[in-house]
Amino acid sequence: MASVAGRGATRSGHPPLDRAVLQEFYRRMRAVAPAAVGAIERDLADDPGRPFADTACGRLARSLDDAGLRALGMWAHHWCMRFYDDDTRAGLRLVRELAGRSGLGWTVDEVRWMLRESQAAGPAAGERFTLPLAAAAELAPGVISPDELAADTRAPAGWSPAGSVVPRQLRRA
């Protein structure tokens, strides 16, 4: 699974994450990806008003421990940003549900990875900071500096829609 920004890339000026750490993230996300894809597909075909706990994504989330939930959240976060011009309702619902859970034990590296992925996605991916900011709020104060958060929660320097994927709703006919 490649990053939207590329392996270890950072536009924020922050040092890249360790390659072994990144490989572990991708290994964990690949482990949950098949079940996540199936659950999201089933939820897209099902009643969107159904309570989350009764959805395929809800059942998948119940079956995972905290490390599995973090991997699922990182995968869903990444998937929603990569495919935000397609139907990501179920994936975004999953991301929002996981963002609402506390005590998952997010690591600094996980949060930094999600922030960098979000920044690289650009402003067209509307909910790109939902999960990373919720996860960052669970870290000890000062672990991620306010400057790092501020730099990562706006469009990357030089970002423009030209050459970027633009959601269908924003495309001009």
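Predicted model: local features only at pLDDT ≥ 70, side-chain atom pairs only at ≥ 80, totals over all residues.
Me: Why is Glu-110 called buried?
Reply: Buried means under 20% relative accessible area. Glu-110 has 1%, so the residue counts as buried. You can find Glu-110 in helix H5, residues 108-121.

Me: And what makes Arg-70 count as buried?
Reply: The relative accessibility of Arg-70 is 12%, and the cut-off is under 20%, so Arg-70 counts as buried too. Arg-70 belongs to helix H3.

Me: What makes the pairing of Glu-110 and Arg-70 a polar contact?
Reply: The side chains of the two residues are joined at 3.0 Å, and a polar contact needs N or O atoms within 3.5 Å. Beyond Arg-70, Glu-110 also touches Phe-25, Arg-28, Met-74 and Gly-105, leaving out residues up to four places away in sequence. With the neighbours within four places set aside, the contacts of Arg-70 include Arg-28, Leu-104 and Trp-106.

Me: How do you know that the span of H3 agrees with what it should be?
Reply: Helix H3 runs over residues 66-82, which is 17 residues. The expected span is 1.5 Å times one less than the number of residues, so H3 should span 24 Å. The end C-alpha atoms are 24 Å apart, and therefore the two values agree.

Me: Why is H3 described as largely enclosed?
Reply: Because 14 of its 17 residues are buried, H3 is largely enclosed by the rest of the structure.

Me: What caps the N-terminal end of H3?
Reply: Asp-65 does, with a side-chain oxygen 3.3 Å from the backbone nitrogen of Ala-67.

Technical notes: Residues numbered from 1 in each chain as written. Heavy atoms only, no water. Helix = DSSP H or I, 4+ residues; strand = E, 2+ residues; numbered from the N terminus. Buried < 20%, exposed > 50% of the residue type's maximum accessible area, 1.4 Å probe, protein only. Polar contact = N/O pair within 3.5 Å; in protein donor to acceptor, adjacent residues only side chain to side chain. Contact = heavy atoms within 4.5 Å.
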